[in-house]
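Subject: Structure handover

Hello,

Here is the structure I promised you. Please open it and keep it beside this email as you read.

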Amino acid sequence: MTQVIPVFKREFFSYFRSPVAYVFLVVFLMASTILTFFVGDWFDSNIASLDRFFYFHPWLFLFLIPAAGMRLWSEEKRTGTVELLFTLPITTLEAVVGKYLAAWAFLCVAIALTFPMALTAGYLGDPDWGVILASYLGSMLMAGSYLGICSLTSAFTKNQVISFVISLIVCLVLLFLGWSVFSEVLEGTLPQSLADLIANFSFFTHFDPFTKGIIDPSDIVYFLSLTGFTLFLNVLVLER
Amino acid sequence: MIEVKGLTKTYGSKRAVNGVSFTVQRGDILGFLGPNGAGKSTTMKMITGFLRPTAGTAIVDGHDVTQEPVAVKRKIGYLPESAPAYPEMTVQEFLTFIAETRGYRGHTRLAPVDRAIRLTHLDGVRHQTIETLSKGFKQRVGFAQALLHDPAVLILDEPTDGLDPNQKNEVRALIKEMATEKAVVLSTHILEEVGAICNRIILISAGRVVVDETPAEFQARQPGARLDEIFANLTQSDV
């Protein structure tokens, strides 16, 4: 697996060699802050917590992570570099893992750069730092799962727009399964156990505990296994 | 060095490559000829392990490409058609990446990168991003990438495509010079090129090998005729 390193390095720095990284970072940081202050009425809440900041993450990721992930394989296919990559002595698994980790590391950088929000909460009041750290962990894990889906869908096509739209739809479905509005409808029509089971597949269900400061191993397992599964399918699709 | 045995590739009901077999020895420069769509690139993609053959296999320096693809990829330097490269990287960054994937880590990666840049005369554009390069330079970057690890086997898909006449001669001279201790397979549309550098010709038409001989024997098929006339006669079925 040592071949993961050059693939990772190349992919990670490629974000910063093009405007993609800067546009993404600016949009992500602005959108997350604006949503927190104006839609989430953070000041009016008068609570020193980042609850309202993290509340918007699943929705933000829905649009932004497909935008960051759509190029992963589509771009390689479109420019023909996929032929170069797969005639170098690298296995498909190493290439998939290397590229995925690079994109994930980039997303983690973006998430970590929201630290002024935490500093602001710390300046204005006395937030529970444990909850904030747990929320950051949850947010990064969730971003990883979104990205796994995007990496997989981008392997199907050389068209980035198609890749973006399909990623968005798949992620949207995974979100809606656990969205309170939708799950209430489910609970009304389906048996409770079945409704719970369906809601269990959602990002919301597993992200929520993190924002309350609860790090439940089962939630971590959910995000990691979803990521692992999508990457496994990713390898299969590329080897087809 | 290369032993191709009954390579076949089908797409749906269409047979792109149909039972292609040949061998290439060290010191050989094999010219791969054929009309567009005859299966030249597909055959090369199967030998380099990019495409999985429907049937048959290729053995490169003792490694079967269907069994040990990574071992085969280590032995081969491959220039894909139209020399794909990551456009946002500089020549130096790109070749350093290739060196790292070829197992040169730390400071050992400098020497092969420098050597490849020197051989392909890329010094002047070393720190330019690949997207800003002309077609000829891009082609040379692809060539540099292929010979970076001094491979025993070179597979070049249209290596002189897009080069001006001087650059073509230069690339041919380079291929000739390197071929003494390597096995080289190159595809081309330029028949004169085959006469100039190859010591063997393989002509494929509609996915099959129709000719496998030396350039002299090829010429002897129709003494006095131009190479393109012989080519046209042999590939009529394809037109």
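First, a term: two residues are in contact if their C-beta atoms, placed from the backbone, lie within 7 Å. By that rule, the contact between the chains takes 17 residues from chain A and 18 residues from chain B. On the side of chain A that touches chain B, the elements giving two or more residues are α1 and α7 (81-85) of chain A. α1(A) gives the most, with four residues. By class, this side of chain A has six nonpolar, eight polar and three charged residues. Here Ala, Val, Leu, Ile, Met, Phe, Trp, Tyr, Cys and Pro count as nonpolar, Asp, Glu, Lys and Arg as charged, and the others, Gly among them, as polar.

Some ground rules. This is a predicted model, in which local features need pLDDT of at least 70 and side-chain atom pairs count only at pLDDT 80 or more, while totals for chains, interfaces and linings use all residues. Residues are numbered from 1 along each chain as its sequence is written, and chains are lettered from A and ligands numbered from 1 in the order in which they are written.

Confidence

pLDDT is the predictor's confidence in each residue, from 0 to 100. Chain A has a mean pLDDT of 91, and 100% of its residues reach 70 or more. Within chain A, confidence is highest in α8(A), at 96, and lowest in helix α12 (residues 180-189) of chain A, at a mean of 77. Where pLDDT is low, the predicted coordinates should not be read in detail.

Chain A

Chain A has 15 helices and zero strands. Helices (H or I, at least four residues) and strands (E, at least two) are DSSP runs, numbered from the N terminus. The C-alpha trace of chain A spans about 55 × 45 × 30 Å along its principal axes. Of the contacts in chain A with a separation of 6 or more, 82% are between residues 24 or more positions apart.

How much of chain A is buried? Of its 240 residues, 39% count as buried. A residue is buried if 20 or more other C-beta atoms lie within 10 Å of its own, exposed if 12 or fewer, and partly exposed in between; C-beta atoms are placed from the backbone.

Where the chains meet

Look at α1(A) again. Helix α1 (residues 4-17) of chain A has 14 residues and reaches 20 Å from its first C-alpha to its last, close to the 20 Å expected. The expected span is 1.5 Å times one less than the number of residues. Its buried residues include V4(A), F8(A) and Y15(A). What covers the buried residues of α1(A) includes α2 (20-39) and α8 (92-112) of chain A, together with α3 (91-101) of chain B.

Now cross to α3(B). Because 10 of its 11 residues are buried, α3(B) is largely enclosed by the rest of the structure. Among the buried ones are F94(B), L95(B) and F97(B). The buried residues of α3(B) pack against α1 of chain A, together with α4 (110-119) and α5 (135-147) of chain B. After α3(B) comes G103(B), with a positive phi near 95°.

Strands in chain B

Strand β9 (residues 200-205) of chain B is mostly covered, with six of its six residues buried. R200(B), I202(B) and I204(B) lie on one side, and I201(B), L203(B) and S205(B) on the other.

Which strands join β9(B)? Strand β3 (residues 29-33) of chain B runs parallel to β9(B), joined by four bridges. There, G31(B) stands opposite I201(B). Strand β10 (residues 208-213) of chain B runs antiparallel to β9(B), joined by five bridges. Two strands pair if DSSP finds at least two bridges between them.

β9(B) and β10(B) form a hairpin with two residues between them, and A206(B) in the turn has a positive phi of about 50°. G207(B) lies in the loop between these strands. G207(B) counts as buried because it has 24 C-beta neighbours inside 10 Å.

Best wishes
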